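Hi,

Here is the structure I said I'd pass on.

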Amino acid sequence: MLFQALVTGFAQGAMIALVALGYTMVFGVLKMINFAHSEVFMIAAYAGLFVMVGIAGRSSPVVVAVAGVVAAMGAAAVLGVLIERVAYRPLRLRGKGGKLGRVTPLVTAIGVSVLLQNVAQLLFTARYRNYPRLFDNPRPVIVAAALLTMVLLEGIVKFTWFGKAMRALSSNEEAARLMGIRTSRVIAKTFALGSSLAAIGAVLYCFDQSSAYPTMGFKIGTQAFVAAVLGGIGSISGAMLGGLLIGILGELVKLTPYSGGVDVLVFLVLIGVLLVRPAGLLGSTRAEKV
Amino acid sequence: MTAEVTAGLSKRFGKFLVPLVGVVALLGLDLLLDRVVPDSSLRQLLAMTACNVLVAVSLNVINGMAGQFSIGHAGFVGIGAYTSAIVASHLHGALGGEVSLVKSFVVVPLALVASATFAGLFGFLVGLPSLRLKGDYLAIVTLGFAEIFRLVISSAQIGTGETAGAAWRAVRGLGSLLHAVSVSLSSLGGQMGYSGPASDGVPLYAGPFWVFGVTALLCVAAWRLKFSGWGRALRALREDEIAAAAVGVDPTRYKVTSFVLAAVGAGVAGGLLGIMRDGAPSVQPDNFNFQASFDAVTMVILGGSGSVTGAMLGGAFVTLSIKAIEWVQSSPLLEGLRSEGFDLNALRMIVYAAILIALMILRPEGLLGERELRWGSKEQPG
């Protein structure tokens with residue numbers, strides 16, 4: 001039973017890690033929490049669902065699944081860039097500081113999140129929509145896909161020009177701009193990349209949980225956010241570690257009589273981490289004022 | 001000489017005159033409102049508006065004056081509502097008989113004091129992290145606190161407490177403590193809401209006298225607070241923490257105090273909501289979810305962060321719009337739309353969220369900014 005829980009937790013954690021990566025990457029370049037990320041996750045789940053339902057049965061399950069993932073990634077990337085363009089960029093261009101400098105992006109992000117969630121409620125109604133059952137046992141597929149994605153991401157961040165630019169931007173925006181990096185473009189690309197990761201996570205999540213609904217982003221988004229903070233927000237390997245830890249922890253709690261307490265525990269972990277070690281497990285302990 | 005004495009007397013008398021007239025007017029309102037406004041749902045709306053004005057004014061202390069950011073205010077409101085409902089139900093049981101205005105002078109103050117104390121205690125706990133955390137992180141902690149409160153209450157049902165306690169009894173001491181806690185939590189009715197110890201409804205003691213009176217009193221208190229030395233220190237801290245600390249404003253004390261005060265205000269607002277006349281005779285955990293917190297943030301930002309009158313206007317406006325939509329939604333005119341699953345509340349949230357985003361981009365200080373609405377041509381102080 002314990003082993004089973006660990007395996008399930010690992011699969012869950014891999015998905016959470018994919019979503020957590022989006023939070024952590026955006027935080028890296030913009031130093032803000034993109035609350036709308038959980039809604040990007042939800043919209044991507046719907047996009048994948050509609051495409052898969054549309055072509056299910058006409059081709060092999062693998063083709064359908066890949067088509068769904070690609071569609072979800074496309075929708076999420078477009079949405080992510082759009083959010084950045086419409087809601088965050090005007091704030092950034094106006095410049096930071098001012099007496100409400102810290103609060104303004106936060107309210108905007110929460111506003112975008114509430115907006116998208118209710119748009120989904122209006123367009124897709126609140127009912128649960130079932131995902132097509134493509135695999136009898138989706139867990140190995142989920143773990144394999146998630147791990148492959150993470151390896152690819154490591155490659156992008158470490159070895160491509162874009163990855164280098166992103167890291168440069170994350171460590172010092174001013175210097176990055178002086179070195180000829182087009183910061184706005186890199187930020188937009190970061191949103192696209194982070195959102196498509198969330199889209200992969202969303203489709204995999206739905207293979208496991210089998211339904212999409214407008215408020216699904218809140219729960220998984222919270223877990224992913226906590227994972228990102230636990231691992232050290234801004235750190236990519238930290239997000240992966242945090243995701244796995246949260247996934248396994250959640251499954252272990254389900255073995256106890258407090259199975260309903262997973263969400264409470266996730267928030268407790270978050271508050272605990274923020275109070276004891278705000279930089280997270282793998283974050284830099286260099287005094288960063290949070 | 002005599003002129004001076006009469007002037008002094010009338011001045012002293014004038015000081016008491018306004019509150020006296022206010023109390024008499026409120027008592028009259030309490031007795032007559034049923035006749036003036038025969039529609040009970042309209043009376044409920046008025047009382048709800050007053051409570052939400054209080055919610056907005058109290059959140060304004062953290063989000064506007066102190067420049068911190070809380071998106072978990074509904075948690076404090078919820079704690080207040082549960083506390084006052086429990087206290088009022090038990091007092092009602094002890095006093096016996098019917099709900100009356102005379103008895104409300106015993107029950108309501110005790111219930112509200114309990115609500116304020118309890119919420120203030122939690123405000124202190126939530127305020128402590130505000131020393132180490134800023135901006136986004138603090139917001140997350142407040143949200144986490146509110147969600148923990150709601151999840152714990154709604155998942156503690158009769159039965160869960162028993163099994164959980166049994167599992168923990170193996171661990172001595174801690175186990176029995178947990179058992180006691182989960183059993184007492186499960187008596188709060190879980191997802192179904194709390195409606196008195198015998199589930200026969202919470203006695204609704206707080207009539208218009210209490211609802212409007214307490215709201216008015218606390219709004220005046222918030223106003224005085226803003227322009228007091230304390231409020232100025234808080235604003236200095238918001239503008240520049242290091243500079244404020246350098247001239248002797250202790251950030252720790254002021255930040256935690258502002259959290260406690262805001263929580264007390266929210267607790268009283270919740271306390272009134274829990275036992276207000278014409279309200280629902282039960283307290284539901286889902287009334288204090290994230291959407292409620294978001295509504296509270298909307299109230300404060302719409303009116304203008306830091307403005308007491310702005311928060312009052314925002315509170316009234318948001319409440320009225322919520323109710324207006326409920327009425328439109330339940331009207332037969334929209335029968336066709338409703339059967340297609342058209343969700344007006346979602347539309348309202350979309351509009352609010354869009355307004356908030358637009359405000360943040362175009363006018364981040366809100367409609368009034370820090371200004372206050374005033375009668376007469378007094379200079380803006382501070």
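**Confidence first**

One stretch to watch out for in this predicted model: residues 286–290 of chain A, where pLDDT stays under 50 and the model has eight contacts beyond four places in sequence. Where pLDDT is low, the predicted coordinates should not be read in detail. For chain A as a whole, the average pLDDT is 85, and 93% of the residues score at least 70.

**Between the chains**

The contact draws on 45 residues from chain B and 45 residues from chain A. About 4200 Å² is buried between the two chains, with carbon and sulfur atoms giving 78% of that area. On the chain B side, Asp136(B), Tyr137(B) and Ile140(B) supply 17% of the area that chain B buries against chain A, which is more than any other three residues do.

**A helix pair in chain B**

I also looked at helix α2 (residues 40–65) and helix α13 (residues 308–330), both of chain B. Their axes come within 7 Å and cross at roughly 140 degrees. Angles over 145 degrees would count as roughly antiparallel, so α2(B) and α13(B) are oblique to each other. The crossing of α2(B) past α13(B) is right-handed.

Residues making this contact include Leu42(B), Leu45(B), Met48(B), Asn52(B) and Val53(B) from α2(B), and Ala311(B), Met312(B), Gly315(B), Lys323(B) and Trp327(B) from α13(B). Sorted by type, the residues of the contact of α2(B) with α13(B) come out as 13 nonpolar, six polar and one charged.

Cheers

Key. Residues are numbered from 1 along each chain as its sequence is written. Chains are lettered from A and ligands numbered from 1 in the order in which they are written. This is a predicted model: local features need pLDDT of at least 70, side-chain atom pairs count only at pLDDT 80 or more; totals for chains, interfaces and linings use all residues. Side-chain values use heavy atoms; hydrogens and water are left out. Axes are lines fitted to C-alpha atoms, for helices over the stretch in contact, and angles run from 0 to 180 degrees between N-to-C directions. Helices (H or I, at least four residues) and strands (E, at least two) are DSSP runs, numbered from the N terminus. Angles under 35 degrees count as roughly parallel, over 145 as roughly antiparallel, 65 to 115 as roughly perpendicular and the rest as oblique. A crossing is left-handed if the near helix is turned anticlockwise from the far one by less than a right angle, and right-handed if clockwise. Contact means heavy atoms within 4.5 Å. Ala, Val, Leu, Ile, Met, Phe, Trp, Tyr, Cys and Pro count as nonpolar, Asp, Glu, Lys and Arg as charged, and the others, Gly among them, as polar. pLDDT is the predictor's confidence in each residue, from 0 to 100. Buried area is the accessible area (1.4 Å probe) that two parts lose on being put together, summed over both.
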